Amino acid sequence: MTTINHRVANVSRRDFLKQGAGLTVGVMLPGAMNKALAAAMSGPGKAGDGVPVEGLFSPNAFVRIGTDNTITVISKHLEMGQGAYTGIATLVAEELDADWSTVVVEGAPADAKRYANTLWGPNQGTGGSTAIANSFMQMRQAGATARAMLVAAAAEQWKVPAGEIVVSKGIVSHGSGKSATFGELADAAASQPVPENPKLKDPKDFTLIGKSAPRKDSHAKSTGQAKFTQDVQLPGMLVAVVAHPPRVGAKVKSFDATEAKKIAGVDDVVEIPTGVAVLAKDTWTAKRGRDALKVEWDETGAWRGSSEQLIADYTKQLDTAGAVARNDGDALGALGKADNLIEADFVFPYLAHAAMEPLNCVVQLRDGECEVWNGEQLHTGDQAALGKLLGIDPSRVKLNMLFAGGSFGRRASPTSDYLLEAASIAQAIGGRAPVKMVWLREDDMQGGYYRPLYVHRLRATLGDDGMPAAWMQRIVGQSIVVGSPFEPMLLKDGVDVTSVEGAATLPYAIPDLYVDLITTNDSVPLPVQWWRSVGSTHTAYSTEVFIDMLARAAKQDPVAYRMAMLKKHPRHAGVLKLATEKAGWDAPLSKTEGVKRGRGVAVHESFNTYVGQVAEVSIKDDGTLTVDRVVVAVDCGIAVNPDVIKAQMEGSVGFALAAALSGEITIDDGLIQQSNFHNYTVLRIDQMPKIEVHIVPSAEKPTGVGEPGVPPLAPAVANAIVNAMGKTITRLPIGEQLKA
């Protein structure tokens, strides 16, 4: 009898990618660039040292040019898949007239004096789709400064006027035949005076901005070279997995670590303020140790609410006035007298961030200092929080910003929760070893932070022309800024501006318009946090679905209806017009027996970017929904990199569609009922619709694209469902509602 060896070689995906990369790297990149690429992916490097480096030309905090011609751009913003590294490098390389293939990107250290988000005051961080918006002029000036110094060095060496020198793709040249690379001029350029106001290019001369240059992070990510926090390995490092309370408000009463400590590789078990941490040689062993723990929880202060109780309670509160967010005219008076009132209540569930990379970070305590390796999103806030916990000056907290495998807002924790937890573990073991703390996906989904649950009520009355004459919107839900360091900035007169954005800023011309907000933080202790595109995730849905309801009541085309109210908002109107034209709004949809088909539209502005979307859906007789096609029009000002913009719009559609179809965190007796991707599903590949993205040509300053593609998708799909079968979805997710 023949014996077959079924042993399977356990090659990890990352090792497989690395092996594959070994076959191609030598061809794709010159030797010098291999080293530079590897260095670029290791987080803060020489930019964080604060000292001059021999052989490097560093004219400012954002550019470094080596004698090997490598141009390193230091990004103050986290790369979490949104294309920040590519966009920022494009701005520098454009003004520098660099060879794009010699440009690498390095994450900046935490240093608000040099790397502050210019839209956030003296704070460094990434969020709110601000990376390109706040970097546009700053990075161009950084590149232009370096270029001017290289030209000055060449002019001095060649004894020619600087005005006669030309720079193109990393080569400095003069009509006399003299030329030099950036690397050859680096040393001499470092001795030139730094110009205060270098001349910037006329946009008509752009050679990189507006073109689809290859992304700077794709090669490292597709070959397994990219370094995420999970890749960090330090000498003597321990991995920690934490047993958290099952319910919010519960605490550790006692624990028995006897069985956990019997597991080979488990190093220690310590109690921390947020639970019990098991430290081991690796993640799997730490998890096994946690599973073996016996923890008795004190649940006398635990919250035992449920989603359905909250929805019922919030719905009752809709009858009570809230804090006023906008009040034009006399909407309440007009609605009180109306005899043609149209109204609807909407329900939006809690949502998890559910990024592909589980939450993690590495903390090392040493000699009165703290060093962190993290997909770092809020540098300044995290430095302050860690410094306070550890009793050290925030400047003694060093943050190494690595790639993040998605965030969707989770790593921008207003309370620095997971970083503080990791530091608490390191403290609990006396700082004797670096600690990598890993939250398994179940940990974050069942004990993390969430997009709040909201209910909305909208009421309107129509004038004789069928257009809205009065409009009222009331929103009930938790605030994501109350109690956080952001409260002074984002809570105005009792209104969390992030809860009402998109509603209080409704662009439609409605004479009497009123919006108020009821904040429920005092009665609901569940931790909440911003989720990709923040308040617009719910306000875009309620307002755009309600507008369609009004258009139907007025027996008017929903596009024409919107256009009539957007005369003073040309950028909203522009994306609406472009999206509907490209979608063939007036053309009939193809017919299939047994399938209802519909087309819907939505338009929304968030983070100063305007997006219109048209969705086409098919619904079978059994209620099975398919989103066939989504046409996107986006106006984000100057399109720095059209490919990145298209990718962000496509990704946003997939992300938003998953939430619209099935995204829902539900709670029963204080327990989160979802735990991982099997019951909190992300979009499957066969659910991805055909997506077409059209970018509005613009000379306006660029704005962000990481988030604004999300809000219009769900209302466009909902409006398409109404068009197909007449059913209005007022509670998300859509789930099985079409099968009822």
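How many aromatic pairs does the structure hold? The structure holds 11, where rings of Phe, Tyr and Trp (its six-membered ring) pair if their centres lie within 6.5 Å, with planes under 30 degrees apart counted as stacked, over 60 as edge-to-face and the rest as tilted.

The model is predicted, so local features need pLDDT of at least 70 and side-chain atom pairs pLDDT 80 or more, while totals for chains, interfaces and linings use all residues. Residues are numbered from 1 along each chain as its sequence is written, and side-chain values use heavy atoms, with hydrogens and water left out.

**Stop 1: aromatic pairs**

Select Tyr85 and Phe403. Their rings form a tilted pair, 5.5 Å centre to centre with 45 degrees between the planes. Tyr85 is in helix α3 (residues 84-96) and Phe403 in the loop between β17 (397-401) and α13, so the pair ties together parts 318 residues apart in sequence. Helices (H or I, at least four residues) and strands (E, at least two) are DSSP runs numbered from the N terminus. Tyr85 is buried at 3% relative accessibility, and Phe403 is buried at 4%. Buried means under 20% relative accessible area, exposed over 50%, and partly exposed in between (1.4 Å probe, protein chains only).

Next select Phe346 and Tyr541. The ring centres of Phe346 and Tyr541 are 6.1 Å apart and the planes stand at 85 degrees, so this pair is edge-to-face. It links Phe346 in strand β14 (residues 342-348) to Tyr541 in helix α17 (residues 536-553), 195 residues apart. Phe346 is buried at 0% relative accessibility, and Tyr541 is buried at 1%.

**Stop 2: charges over rings**

Here the criterion is NZ of Lys or CZ of Arg within 6 Å of the ring centre and within 35 degrees of the ring normal. Select Arg451 with Trp531: Arg451 lies over the face of Trp531, 6.0 Å from the ring centre. Then select Arg532 with Phe655, where the charged end of Arg532 sits over the ring, 4.9 Å from its centre.

**Stop 3: strand β8**

Select residues 238-243. In β8, 6 of 6 residues are buried. One side carries Leu238, Ala240 and Val242, the other Val239, Val241 and Ala243, and both faces are covered. Two strands pair if DSSP finds at least two bridges between them. β8 pairs with β18 (residues 435-438) in the parallel sense over 3 bridges, and with β11 (residues 275-280) in the antiparallel sense over 5 bridges. Centre on Ala240: its bridge partner in β18 is Met437, and it stands opposite Leu279 in β11.

**Stop 4: the second largest pocket**

Which residues lie nearest the centre of the second largest pocket? Select His244, Pro245, Thr274, Gly447 and Pro527, which belong to a lining of 27 residues. Helix α13 (417-428) and helix α14 (441-447) are the elements that give two or more residues to this lining, and α13 gives the most, with 4. The volume is about 620 Å³.

**Stop 5**

Select residues 595-606, strand β24, where 9 of 12 residues are buried. β24 pairs with β25 (residues 609-620) in the antiparallel sense over 12 bridges, and Arg599 stands opposite Glu616 in β25. The two strands form a hairpin with 2 residues between them, and Phe607 in the turn has a positive phi of about 55 degrees.

Note on methods: 1 Å grid on protein atoms, 1.4 Å probe; cavity = no way out; pocket = protein on both sides within 12 Å on 5 of 7 lines; lining within 4 Å. Points joined across faces, edges and corners; volume = space filled by probe spheres on them.
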